[in-house]
Amino acid sequence: MAAAVTSCGPRHPDPAAPAPHPSAPASAAAATAGPAPGTPESERSQPGNADWEITDPGPDGAIEGFADRVSVLPGETFGLHVSTPAAAFTVSAYRMGWYDGARARLVWRREHVPGTKQAAPHVDPVTRAVLTGWQRTLAVDTAGWPEGAYLLRLDAEDGSGRRYVPLTVRSATTAGRTVVMSAPATWQAYNEWGGYSLYNGPTGGLATRSLEVVFDRPYDYDHGAGLFLVYEAPLVALAERLGLPLAYTTGIDVAREPGLLAGAGAVLSLGHDEYWSPEQRAHVTAARDSGTNLAVLGANCCFRRVRFEPTDLGPDRTVVCYKDAWAQDPGHRAGGPATTDFRAAPGADPESSMLGVIYDGYPVDAPYVVTSPGHWAFEGTGVAAGASFPHLVGVEYDRVNTGFPTPRPIEVIAHSPVVCDGRHSHSDTAYYTVPSGAGVFATGTMRWVEALEARGPGGGRADHGIDSHAGDLVRRVTENVLRAFAAGPAGRTRPAQDNLAAVYGTA
């Protein structure tokens with residue numbers, strides 16, 4: 001095996017219909033006729049709500065909160081823990097998706113919830129985890145809520161501030177459906193609310209970082225939405241627009257429930273999905289080996305090995321990742337796997353055996369270069385060999401590297417030159433198939449999902465200068481992959497044609 005490739009630098013994230021009656025589903029009347037409630041068809045027929053988006057969050061501390069469950073089944077109750085100096089606030093639950101162009105639908109609202117300013121957080125002296133100890137403000141019953149990805153919007157009634165709280169209303173079964181697998185463990189790893197994340201502490205570096213982080217605190221990014229709006233929401237909108245049979249879950253649920261992916265048509269790993277437990281990886285791999293397709297719509301996927309532990313609020317509320325301090329981890333000392341990179345000793349198990357590609361470095365900004373325009377994923381794009389799309393490769397990237405375990409046959413369909421801190425390499429979009437018939441598609445760039453938003457000259461809604469030409473390519477390729485993967489094991493009709501000898505000179 002080749003020596004492990006290190007990153008090229010420090011890593012960080014690249015970062016109005018009338019209201020329904022309180023506690024009532026916004027679509028209660030519509031649910032009495034037409035398609036079955038909760039299906040993509042019934043959801044697309046509902047009017048959307050333009051008022052979901054926060055444009056003026058207000059000052060820090062005006063209002064913020066978290067849910068005491070990362071995900072719930074429809075009809076389950078969860079708690080909201082909110083801190084605000086305002087006398088009262090409104091909470092509105094928006095299901096994110098595609099509603100005739102609108103990106104969200106108001107499903108539930110509660111007004112005049114009494115506000116209280118909760119205690120300041122404290123930091124565990126051993127793990128440097130930020131702990132709030134906040135009391136539950138409100139119990140929320142999700143009866144009537146369709147499965148999906150949600151943002152709860154908190155609005156202080158004095159107008160002082162607004163924040164989000166993310167939540168997944170998960171699917172109990174995924175058979176025959178395309179599974180949107182959200183990545184809250186990664187959101188939490190990068191969450192610096194309270195001054196600490198798995199990357200940084202007060203010194204701004206690894207020496208004072210947290211060794212554990214908990215979900216019992218708000219998110220600081222995107223007004224409380226975590227990494228959802230950049231790395232997941234654009235894909236949710238596209239998948240819902242296509243009308244595919246979808247299921248929603250999180251990586252934490254996949255780790256906890258061995259049979260959750262049984263019979264699933266495809267599993268989607270979204271834009272930034274770095275932190276996995278061994279159980280999640282084993283269950284996704286088992287699904288692949290039973291015929292479930294896997295689409296990795298980002299880069300740096302399944303890079304860090306973590307363990308989930310409880311807090312006082314419930315199970316799986318702590319993400320444990322000691323990284324290079326793995327020998328200090330009490331869980332490892334008790335016989336558990338080291339919470340460090342999957343490819344690193346002890347217990348090295350490079351992620352490429354599942355993904356086909358492997359993380360190669362950070363940071364880069366490079367054009368995306370098509371090398372196999374005849375591949376089915378590029379159907380309808382009109383691209384030719386050598387077609388180049390500026391800025392689409394970044395900020396982290398993956399490549400095929402046979403110095404690590406690499407499934408074969410595997411096709412590299414885009415082979416984009418990059419220079420990472422002076423080191424020349426490539427970002428690869430790759431596709432491989434396995435004996436079960438499953439296909440695995442990996443984009444090789446972390447900017448893939450956010451590029452779904454690129455509709456203007458050199459940017460539009462997406463950052464980094466990505467233009468509408470790149471956006472058109474990414475939207476069409478993603479649509480081709482999602483439709484093909486929803487139709488069944490892709491390898492049975494679209495077997496990979498190994499081309500590593502031509503691309504890399506590798507037998």
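Me: How do the residues of the lining of the largest cavity divide into nonpolar, polar and charged?
Reply: This is a predicted model, in which local features need pLDDT of at least 70 and side-chain atom pairs count only at pLDDT 80 or more, while totals for chains, interfaces and linings use all residues. Residues are numbered from 1 along each chain as its sequence is written, and side-chain values use heavy atoms, with hydrogens and water left out. Ala, Val, Leu, Ile, Met, Phe, Trp, Tyr, Cys and Pro count as nonpolar, Asp, Glu, Lys and Arg as charged, and the others, Gly among them, as polar. On that basis, the lining of the largest cavity comprises 17 nonpolar, 7 polar and 4 charged residues.

Me: How much space lies in the largest cavity?
Reply: A cavity is a set of points on a 1 Å grid over the protein atoms alone where a 1.4 Å probe fits but cannot get out, and lining residues have an atom within 4 Å of a point. Grid points are joined across faces, edges and corners, and the volume is the space filled by probe spheres set on the points. For the largest cavity, this space is about 230 Å³.

Me: Which residues lining the largest cavity are the closest to its centre?
Reply: The lining of the largest cavity holds 28 residues. Those closest to the centre are Val70, Pro166, Leu167, Trp187 and Tyr219.

Me: Which element gives the most to the lining of the largest cavity?
Reply: Elements are DSSP runs numbered from the N terminus, with helices (H or I) of at least four residues and strands (E) of at least two. Those giving two or more residues to this lining are β1 (64-67), β9 (148-156), β10 (162-169), β11 (178-182), α2 (184-190) and β13 (246-250). With 4 residues, the element that gives the most is β10.

Me: Which residue in β3 stands opposite glutamate 64?
Reply: Glu64 and Phe66 point one way from β1, Gly65 and Ala67 the other way, and all are buried (under 20% relative accessible area). Two strands pair if DSSP finds at least two bridges between them; β1 and β3 (residues 77-83) run antiparallel and are joined by 4 bridges. Opposite glutamate 64 stands serine 83.

Me: What is the distance between the end C-alpha atoms of helix α10?
Reply: The expected span of a helix is 1.5 Å times one less than its number of residues. Helix α10 (residues 468-486) has 19 residues and should therefore span 27 Å. The distance in the model agrees with this: 26 Å.

Me: Which residue caps the N-terminal end of α10?
Reply: A side-chain oxygen of the capping residue lies 3.1 Å from the backbone nitrogen of histidine 469. At the other end, just after α10, glycine 488 takes a positive phi of about 135°. The N-terminal cap is aspartate 467.

Me: In which strand does proline 363 lie?
Reply: The peptide bond from tyrosine 362 to proline 363 is cis, with omega near -5°. A cis bond also joins alanine 345 to proline 346, with omega near 0°, and proline 346 sits in the loop between α7 (330-333) and α8 (352-355). Proline 363, by contrast, belongs to residues 358-369, strand β20.

Note on methods:
Polar contact = N/O pair within 3.5 Å; in protein donor to acceptor, adjacent residues only side chain to side chain. 1 Å grid on protein atoms, 1.4 Å probe; cavity = no way out; pocket = protein on both sides within 12 Å on 5 of 7 lines; lining within 4 Å. Buried < 20%, exposed > 50% of the residue type's maximum accessible area, 1.4 Å probe, protein only.
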